[in-house]
Amino acid sequence: MGRQKRSSTAGCAVDMTPMIDVVFQLIIFFIVTIKMEQSINEDIRLAKAEYGPMIEEEDPRTMVVEIDQRGWISIHGAQLSRAKFQKIMIGRAKRYRQFPVLIRADRRTDHKDVRAVMDICSKIGIWRINFAAIKQEVT
Amino acid sequence: MRKRKRRPADAAELEMTPMIDVVFQLLIFFLVTLKQEDILSHLDVSRPAPDPNAKQEETFKDLLTITIHRYGYMLKGKNRSIEQLERDLTRLASFSKSVSVIIRCTSDSQHERLVSVLNICAKVGLKKLSVFSM
């Protein structure tokens, strides 16, 4: 880049152009990578499973069901009773027939709470259940 | 902010200061809100129907039952630690990967135990997994 010649009074001015270039690059990077909608429950601590296959391109029909430590069911951050959850699942099954179900259950959840969700799924004819786990933790 | 007096040759230059201020604010905002996410994996199981009049499953030769209870794991009726279970399953999978694995969970077992068993199955390459509850 060509340096501008400045008079001796402006001699100490720094050339801003490269810095602004870098800063804009950074901002564009952050804008692109930011995820605004945070629909997951932050309290849920998933179990570790480093050998499971990675979650790649998600099927848009995927239903993510979260079960927290105490067994509360929530979808997209909204807590639901089991009856309400079942109603939602039945409605969804009417529309899509089959759709993938991903269960994000806390590692300390009792199996009976996971079972309740799985039973509702099998009631509406969904046999394949996916469990989410952490493949690699960010430090 | 004080306006600097410029010579007429510099008159066409833009005042950069406000823009840089804003850009830095944005940069700091994004830096602060950035949160790295864990890489997630998914473990697939099938959930057989709890249908009482379904015909009793013929006793398949290739059927392996793992029981998960609150305090540990059982394989073929014997208590196993997670390391022993991993060793046994690795050996079994080296003979045949088409073994159907039935995982039976007691209702008070933690979900973490189920995930760790599924993790081992994924590691050794067992694909036919079913989860039963009891």
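Analyst: A residue is buried if 20 or more other C-beta atoms lie within 10 Å of its own. Keep in mind that this is a predicted model.

User: OK, so is Leu118(B) buried or exposed, and why?

Analyst: Leu118(B) is buried, because 26 other C-beta atoms lie within 10 Å.

User: Where is Leu118(B) found?

Analyst: Leu118(B) sits in helix 3 of chain B, residues 111-124.

User: And which residues does Leu118(B) touch?

Analyst: Leaving out residues up to four places away in sequence, Leu118(B) touches Ala49(A) and Phe131(A) in chain A, plus Leu43(B), Val45(B) and Leu129(B) in chain B. Val45(B) is 73 residues from Leu118(B) in sequence, with 8.4 Å between their C-alpha atoms.

User: Switching to helices. At roughly what angle do helix 2 and helix 3 of chain B cross?

Analyst: The axes of helix 2 (residues 82-95) and helix 3 of chain B cross at roughly 30° and come within 10 Å. That angle makes the two helices roughly parallel. The crossing is right-handed.

User: What classes of residue make up that contact between helix 2 and helix 3 of chain B?

Analyst: Seven are nonpolar, two polar and one charged.

User: Now strand 4 of chain A. Which side chains point to which face?

Analyst: In strand 4 of chain A (residues 101-105), Val101(A), Ile103(A) and Ala105(A) point to one face and are buried.

User: How many bridges join strand 1 of chain A to strand 4?

Analyst: Five bridges join them, and the two strands run parallel. In one pairing, Val64(A) has Leu102(A) as its bridge partner.

Definitions and conventions: Residues numbered from 1 in each chain as written. Chains lettered and ligands numbered in written order. Predicted model: local features only at pLDDT ≥ 70, side-chain atom pairs only at ≥ 80, totals over all residues. Helix = DSSP H or I, 4+ residues; strand = E, 2+ residues; numbered from the N terminus. Buried ≥ 20, exposed ≤ 12 C-beta atoms within 10 Å, placed from the backbone. Contact = placed C-beta atoms within 7 Å. Axes fitted to C-alpha atoms, helices over the stretch in contact; angles between N-to-C directions. Parallel < 35°, antiparallel > 145°, perpendicular 65-115°, else oblique. Left-handed = near helix turned anticlockwise from the far one by under 90°. Nonpolar A, V, L, I, M, F, W, Y, C, P; charged D, E, K, R; others polar. Pairing = 2+ DSSP bridges.
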